[in-house]
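Trainee: I have a new structure open and would like to learn how to read it. Could you walk me through it?

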Amino acid sequence: MIEDLTYDQCVAQGIGPLVFPQRLESGEDAANSQRMKAVCLHNIQEQVKLQYTLEHAWHALENAGIKPVLIKGAGLAALYPEPSMRQWGDIDIFVGKEQYHPACAVMRDTFPRALKFDEELDHYKHYNLIADGVAIEVHRISAALSHPEDNRLYEAIEQYGMYHAEEIETGGLTVMVPESTFNALFVFLHSWEHMITGSANLRQLYDLKLLLEKKACCINQTLLGKWLRSLCLTEVWQVYMYILVHDLDLDVAEAPFYTETVAAQAGRMLSDILDGRSAGHAPEKKKYSNRFVRKWHTMRGRLRETKRIERYSPSYARHMREAVILSGLGRLFAKDRRWE
């Protein structure tokens with residue numbers, strides 16, 4: 001499927017460094033050869049800078065007695081034929097709730113000239129700072145789900161995945177990454193979160209494909225299935241598996257819970273990702289001075305979003321509506337946080 005993508009689509013989908021080396025070697029798309037070389041070179045240069053900052057941050061945390069786990073980009077790059085084929089633009093380090101505030105303090109001390117937030121509020125997913133032009137996210141949690149019960153269940157799943165973290169080497173640095181079964185769930189959840197609230201892209205799907213290929217012997221399908229069912233995500237997972245098998249050439253034997261029944265839903269999802277519509281087209285929000293009116297309109301907008309999600313997974317859309325109502329009522333009567 002990727003051989004049919006244009007230069008601009010590859011760049012927009014975050015897979016330029018993965019696709020362009022082969023096109024350059026074959027002489028394909030000669031008209032864009034200089035631009036393709038520039039994308040690949042820029043990614044290599046960025047990774048050198050990111051790797052240097054990662055080593056500095058990692059050693060500082062370990063020397064402070066903190067046990068970090070590397071998530072997302074840098075850890076996933078190790079799955080690619082060459083790490084430089086995976087584009088990543090920041091550093092994501094999970095430390096958990098207990099180590100969160102000490103880890104933030106270590107990062108501030110390690111990078112005293114970094115741009116940073118002064119607050120480490122406990123309802124934030126992560127703390128951000130920019131050190132020497134490199135964004136570092138210190139995660140107290142790896143994912144924030146929409147349903148309150150899902151968050152409770154996910155916390156226990158996350159604890160398992162991080163406690164059983166696995167050692168890998170990236171750029172000569174030995175780091176810990178999430179346990180393989182949990183990492184498959186997390187990489188999938190990260191992409192699904194972007195489908196709901198942000199902009200999903202093919203790079204995230206390639207991450208999941210390569211993880212399932214490289215770690216097939218390590219993934220506990222019984223445990224993964226239990227987690228998916230508990231989070232009401234089985235149908236969404238099946239949509240992803242259909243895309244990976246039919247469009248990204250994943251072997252069906254390495255696609256847990258694959259089914260043909262979600263073909264239409266998978267087609268809609270892939271089409272929206274390629275067209276850049278995964279984030280929807282939310283109208284500009286009108287400002288309301290009355291707190292209750294503001295939150296009521298926010299809740300109505302989120303309920304409308306469930307109609308888009310229904311195109312991919314009717315079962316999760318129903319689950320999401322319940323979450324929106326519960327969350328909306330909770331926010332309606334909670335202390336007003338105007339910055340949210």
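Mentor: Let us go through this predicted model one feature at a time.

Trainee: Happy to. How many helices and strands are there in the protein?

Mentor: The protein has 13 helices and seven strands. Of its 340 residues, 49% count as buried. Among contacts with a separation of 6 or more, 64% are between residues 24 or more positions apart.

Trainee: Which pLDDT does the protein average?

Mentor: The general idea comes first: where pLDDT is low, the predicted coordinates should not be read in detail. Here the average pLDDT is 89, and 87% of the residues score at least 70. Residues 279-284 have a pLDDT below 50, and this stretch makes five contacts in the model beyond near neighbours in sequence.

Trainee: Now the sheet, please. In what order do the five strands of the open sheet come?

Mentor: In general, strands of a sheet pair through backbone hydrogen bonds, either parallel or antiparallel. In this case the order is β1-β2-β5-β4-β3, and the pairing is mixed. The edges are taken by β1 (69-71) and β3 (115-116); each has a single partner strand, so one side of each is left without a neighbour in the sheet.

Trainee: And what packs on the sheet?

Mentor: Helix α3 (residues 33-63) does, touching β1, β2 (90-94), β4 and β5 (134-139). The direction of α3 makes about 25° with that of β2.

Trainee: Could we go through the pairings one by one? Do β1 and β2 run parallel or antiparallel?

Mentor: β1 and β2 run antiparallel and are joined by three bridges. Next, β2 and β5 run parallel, with five bridges between them. There, Asp92 has Glu137 in β5 as its bridge partner. Finally, β3 pairs with β4 (residues 126-131) in the antiparallel sense over two bridges. Leu115 has Ile130 in β4 as its bridge partner.

Trainee: Why is β2 described as largely enclosed by the rest of the structure?

Mentor: Four of the five residues of β2 are buried, so the rest of the structure largely encloses this strand.

Trainee: Let us move to helices. How should I describe two that pack together?

Mentor: Two packed helices are described by the angle between their axes and the distance between the axes. Take helix α10 (residues 234-247) and helix α11 (residues 263-274): their axes come within 9 Å and cross at roughly 75°. That makes α10 roughly perpendicular to α11. On the α10 side, the residues that meet α11 include Val239, Tyr240 and Ile243, while those of α11 include Ala266, Met269 and Leu270.

Trainee: How do the axes of α8 and α10 cross?

Mentor: The axes of helix α8 (residues 202-214) and α10 come within 11 Å and cross at roughly 85°. So α8 is roughly perpendicular to α10. The contact is made by Leu205, Leu208, Lys209 and Leu212 of α8 with Trp237, Tyr240, Met241, Ile243 and Leu244 of α10.

Trainee: What about the aromatic rings? How many aromatic pairs does the structure hold?

Mentor: There are nine aromatic pairs. One of them is Tyr154 with Phe182, a tilted pair with 6.0 Å centre to centre and 40° between the planes. Tyr154 lies in helix α6 (residues 148-163) and Phe182 in helix α7 (residues 180-197), so the pair ties together parts that are 28 residues apart in sequence. Tyr154 is buried at 2% relative accessible area, and Phe182 is buried at 0%. Together with Phe186, Tyr154 and Phe182 form one aromatic cluster.

Trainee: Why does the pair of Trp192 and Tyr312 count as edge-to-face?

Mentor: Their ring centres are 6.5 Å apart and their planes stand at 75°, so the pair is edge-to-face. Trp192 is in helix α7 and Tyr312 in the loop between α12 (291-310) and α13 (314-332), so this pair links parts of the chain 120 residues apart. Both Trp192 and Tyr312 are buried.

Trainee: One last residue, then. Is Met320 buried or exposed?

Mentor: Met320 is buried, with a relative accessible area of 7%. Its place is in helix α13. Leaving out residues up to four places away in sequence, Met320 touches Ile196, Thr306 and Ile309. Met320 and His147 are 173 residues apart in sequence, yet 7.1 Å apart in space, C-alpha to C-alpha.

Key
Residues are numbered from 1 along each chain as its sequence is written. This is a predicted model: local features need pLDDT of at least 70, side-chain atom pairs count only at pLDDT 80 or more; totals for chains, interfaces and linings use all residues. Side-chain values use heavy atoms; hydrogens and water are left out. Two strands pair if DSSP finds at least two bridges between them. Contact means heavy atoms within 4.5 Å. Axes are lines fitted to C-alpha atoms, for helices over the stretch in contact, and angles run from 0 to 180 degrees between N-to-C directions. pLDDT is the predictor's confidence in each residue, from 0 to 100. Rings of Phe, Tyr and Trp (its six-membered ring) pair if their centres lie within 6.5 Å; planes under 30 degrees apart count as stacked, over 60 as edge-to-face and the rest as tilted. Buried means under 20% relative accessible area, exposed over 50%, partly exposed in between (1.4 Å probe, protein chains only). Angles under 35 degrees count as roughly parallel, over 145 as roughly antiparallel, 65 to 115 as roughly perpendicular and the rest as oblique.
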